[in-house]
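Keep the sequence and the structure side by side as you read.

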Amino acid sequence: MPQKTVGDGTPTGALANAPAEAPAHRWWILAVIAVAQLMVVLDATIVNIALPSAQADLGFSDGNRQWIVTAYALAFASLLLLGGRIADLFGRKPAFLVGIVGFAAASALGGAANGFTMLVVARALQGAFGALLAPAALSLLNTTFTDARERARAFSVYGAIAGAGGAIGLLLGGVLTDAFDWRWTLYVNVVIAVVAFVGGWVLLGSHRDAADAKLDVPGTVLVAAGLFSVVYGFSNAETHDWGSPLTWGFLVAGGLLLAAFAWWQTRAAHPLLPLRILLDRDRGASFIAVLLTGAGMFGVFLFLTYYLQLNLGFSPTRTGVAFLPMVGALMVAAQVGTTVLMPRIGPKAVIPLGFAIATAGMAWLTGIDLGSSYPSAVLLQVIVIGVGLGLVMPPAMQLATGGVAAEDAGVASATVNAMQQVGGSIGTALLNTLAASAATDYLAGHRPPSRQVQAQATIESYTTAFWWSAVLFGAGTVITFLLYRRGVPRQNADAAPVVHM
């Protein structure tokens with residue numbers, strides 16, 4: 001059978017394994033990818049801080065309020081693997097650009113919403129286009145930077161944005177809500193999207209690494225339904241309880257659907273998620289690290305936001321500013337972790353160390369009480385947490401996508417995003433439930449429920465959430481230490497990503 005060649009007669013196999021020159025404008029490509037990723041990540045929290053204003057303006061109930069957040073999470077999580085595979089099959093540049101345009105259009109629709117239904121539909125559309133954009137962005141990063149040192153530096157930037165985007169969303173959401181209107185927390189995406197689209201159109205090249213493959217339709221249906229059920233089940237735990245069929249029923253159904261998906265991937269001719277991506281030991285440990293980080297981070301963002309605003313009386317803008325020290329610490333630690341520590345001592349030391357530092361920071365944060373202040377009880381603690389997360393997120397994301405064949409880069413990147421999203425859903429539901437139970441138990445043991453007792457009950461709910469976040473990070477310390485191989489990972493030359501720019 002004749003060997004396939006490209007236009008100049010070079011065999012395609014030789015081209016795939018030959019070292020490719022990185023594009024001269026690769027750092028501008030990183031800037032474009034970073035802008036797009038920031039838009040997706042901050043939208044998970046930027047709307048949260050504007051919810052009270054949106055609720056007052058549009059007149060929807062407290063029970064419906066959660067759907068403004070949940071609609072985005074459900075669409076994003078359930079369609080991520082499909083979005084990643086579309087990027088592999090049809091090209092990362094088209095997926096990236098379509099994702100940006102769709103996300104911007106959905107944001108404009110949400111900003112112009114005249115009622116609850118229109119806003120929820122817009123948030124779901126944001127999630128759907130985000131599921132196309134996020135894996136395309138990460139796989140573009142993975143295939144653009146092939147030099148080990150440059151790749152580490154690029155992933156330190158990307159991972160810092162992924163870890164700090166939630167806090168940046170809180171800051172930006174507070175500023176826009178205070179200075180303008182809640183609708184600008186959505187309209188701002190249009191401005192960001194214009195910058196990312198122009199940069200992507202000019203700088204990115206188009207290539208389909210999996211052009212000969214076909215879409216795994218049964219696998220797509222199974223994994224989309226499974227991820228939807230899992231995220232929906234955990235979301236229902238917040239509004240119902242763990243004994244409700246809407247909670248455990250969807251969780252069981254999601255588990256069965258994902259098990260069926262895993263079974264199907266062993267038999268499909270063109271699997272949506274080839275098991276070779278999951279079975280690498282370091283990569284599997286990295287997926288778990290991203291999952292646990294996503295779950296534990298909500299203890300920082302969600303409940304610390306409550307504490308700063310409701311107990312310390314911070315405005316939305318001041319609340320966002322209060323998170324900046326953590327963001328700065330995270331970014332510095334991301335650079336040190338990926339460019340200095342990982343190349344020298346490897347993930348078995350760096351990532352468990354990061355989890356251990358984050359565990360200590362969360363445990364320290366449980367010292368808040370009614371008489372605490374931000375400088376004495378929060379500032380140093382969030383800096384420590386930021387250092388820990390900076391040593392976990394960027395290195396884990398780099399290892400989760402490193403060494404993946406070019407035709408699998410999109411779906412591997414989608415798996416990383418899915419782990420973070422599912423982890424966030426688990427963390428939100430679990431920590432909300434535990435915090436509410438702690439407040440209820442405290443009130444039951446301290447009667448009559450005076451204003452002082454009620455205020456202390458809220459503190460008990462926050463510290464309970466912080467303790468359980470510390471438990472999640474502690475579990476990450478142990479699990480990653482056991483799973484990661486010793487030494488510095490060596491990338492398989494046959495699986496090295498190929499640059500097509």
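Leaving aside neighbours within four places in sequence, Leu365 is in contact (heavy atoms within 4.5 Å) with Leu304, Ala377, Val378, Gln381, Ile385 and Phe466. Leu365 belongs to helix H15, residues 347-365. Helices here are DSSP runs of H or I with at least four residues, strands are E runs of at least two, and both are numbered from the N terminus. Is Leu365 buried or exposed? Leu365 is buried, at a relative accessible area of 0%. Buried means under 20% relative accessible area, exposed means over 50%, and partly exposed lies in between, with a 1.4 Å probe and protein chains only. Trp467 sits 102 residues from Leu365 in sequence, yet their C-alpha atoms are 8.6 Å apart in space.

A word on the source. This is a predicted model, where local features need pLDDT of at least 70 and side-chain atom pairs count only at pLDDT 80 or more, while totals for chains, interfaces and linings use all residues. Residues are numbered from 1 along each chain as its sequence is written, and side-chain values use heavy atoms, with hydrogens and water left out.

Now step back to the whole chain. It has 19 helices and zero strands. Of its 501 residues, 55% count as buried. Among contacts with a separation of 6 or more, 83% join residues 24 or more positions apart.

Next, look at helix H8, residues 184-203. Its 20 residues reach 29 Å from first C-alpha to last. That is close to the expected 28 Å, which is 1.5 Å times one less than the number of residues. The buried residues of H8 include Leu186, Val188, Ile192 and Gly200.

Charges come next. Side chains of opposite charge can pair when their charged atoms come close. A salt bridge here is a side-chain nitrogen of Lys or Arg within 4 Å of a carboxyl oxygen of Asp or Glu. The count comes to four. One of them joins Asp57 and Arg183, with the closest N and O atoms 3.2 Å apart. Asp57 is in helix H3, Arg183 is in the loop between H7 and H8, and 126 residues separate them. Arg183 also bridges to Asp181, at 4.0 Å. Arg183 counts as buried at 18% relative accessibility, whereas Asp57 is partly exposed at 41%.

Finally, find Asp282 and Arg485, whose side chains meet in a salt bridge of 3.4 Å, N to O. Asp282 lies in helix H12 and Arg485 in the segment after helix H19, so the pair ties together parts 203 residues apart in sequence.
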